[in-house]
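Trainee: I should like to go through the reasoning behind the labels attached to this model. May we take them one at a time?

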Amino acid sequence: KLYGSLSNCYYAGNIRVSGAVGGLVGNCYSGSVSSEIDHCYMASAQMKTSDSSASCGALVGTLHTGGKVYCCYSTDVTDNLFGVNNGSDLLCYFSSGEEFASGSVCWKLNDSSNDTPVWYQTLGEDLYPVLDATHGVVVYKEDNYKEKYNVFIVDICICLC
């Protein structure tokens, strides 16, 4: 259950529960504090609930009124991104494994910019974006996703005495 915010996270694995199930959150509530999920993804091979009456969604099981989910992605594991959607979902998509591996989703998770990346991916090695700056920064040039590596510049000061 989410009461609040969830940003820049991912889940990759299998899910088996009873009740509302989502790849990121089972229930996304709102109330005195609106619940928001942004810049996240879910990559799962299997998602199951033992409760046949429960809602099941690739991202969120039940998105309640006032809840917001935006800039989130999922691999194709269910027929819907939300089991029940009474809130707002903005720019949430199913993406294929190939789209994840190509760097396309990483680029989009960084708001189509490489100015201040949060998500990284070493193309050809990482199947999915990671939150680890030792991996490459995905850029989009000439209709292709490419990577560049962070270059750390150290200022050197020499004092002559």
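Mentor: The protein chain has two helices and twelve strands, in the order β-β-β-β-β-β-β-β-β-β-α-α-β-β along the sequence.

Trainee: How do you know how much confidence the predictor places in the chain?

Mentor: The mean pLDDT is 85, and 89% of the residues reach 70 or more. On a scale from 0 to 100, residues 151-155 stay under 50, and the model gives them zero contacts beyond four places in sequence. Where pLDDT is low, predicted coordinates should not be read in detail.

Trainee: What makes L59 count as buried or exposed?

Mentor: The relative accessible area of L59 is 0%. Buried means under 20%, so L59 is buried. L59 sits in the loop between strand 6 and strand 7 (60-63). Beyond its neighbours within four places in sequence, L59 is in contact with G22, G23, L24, V25, M42, V69, C72, Y73, S74, L81, F82 and C92.

Trainee: Which label does T75 receive, buried or exposed?

Mentor: T75 has 9% relative accessibility; the cut-off for buried is under 20%, and therefore T75 counts as buried. T75 belongs to the loop between strand 8 (68-74) and strand 9 (82-85). Its contacts, leaving aside neighbours within four places, are M42, A43, S44, F94, S95, F100 and Y128.

Trainee: Why is S52 called exposed?

Mentor: The relative accessibility of S52 is 78%. Exposed means over 50%, so the label applies to S52. S52 is in the loop between strand 5 and strand 6 (56-57). The C-alpha atoms of S52 and G19 are 8.5 Å apart, although 33 residues separate the two in sequence.

Trainee: Why is it said that the structure holds zero disulfides?

Mentor: A disulfide requires two cysteine sulfur atoms within 2.5 Å. For C40, the closest cysteine sulfur, in C9, is 3.2 Å away, so it is too far for a bond. For C92, the closest is in C72 at 4.8 Å, and therefore also too far for a bond. The count for the structure is zero.

Trainee: How do you know whether C40 and C92 are buried or exposed?

Mentor: C40 has 0% relative accessibility and C92 has 9%. Buried means under 20%, so C40 counts as buried, and so does C92.

Trainee: What is the phi of S112, and where is S112 found?

Mentor: Phi of S112 is near 55°, a positive value in a residue other than glycine. S112 lies in the loop between helix 2 and strand 11. At 42% relative accessibility, S112 falls between the two limits and therefore counts as partly exposed.

Trainee: What makes V118 a member of a nonpolar surface patch?

Mentor: A patch residue needs over 30% relative accessible area, and V118 has 35%. V118 therefore passes that cut-off, and together with Y10 and L131 it makes a nonpolar patch of about 240 Å². V118 is in the loop between helix 2 (104-109) and strand 11 (137-141).

Trainee: Which residues does Y29 contact beyond its neighbours within four places in sequence?

Mentor: Those residues are K1, L2, Y3, S35 and H64. Y29 is placed in the loop between strand 4 (25-28) and strand 5 (36-49). The C-alpha atoms of Y29 and T65 are separated by 7.5 Å, at a distance of 36 residues along the chain.

Trainee: What can be said of the chain as a whole?

Mentor: Buried residues make up 40% of its 161 residues. The chain exposes about 8,900 Å², of which carbon and sulfur atoms supply 50%. Among contacts with a separation of 6 or more, 55% join residues 24 or more positions apart.

Definitions and conventions:
Residues numbered from 1 in each chain as written. Predicted model: local features only at pLDDT ≥ 70, side-chain atom pairs only at ≥ 80, totals over all residues. Heavy atoms only, no water. Helix = DSSP H or I, 4+ residues; strand = E, 2+ residues; numbered from the N terminus. Contact = heavy atoms within 4.5 Å. Patch = residues over 30% accessible without salt bridge, like charges linked within 9 Å, V, L, I, M, F, W, Y side chains within 5 Å. Areas by Shrake-Rupley, 256 points an atom, 1.4 Å probe, with all protein chains shown as cover. Salt bridge = Lys/Arg side-chain N within 4 Å of Asp/Glu carboxyl O. Buried < 20%, exposed > 50% of the residue type's maximum accessible area, 1.4 Å probe, protein only.
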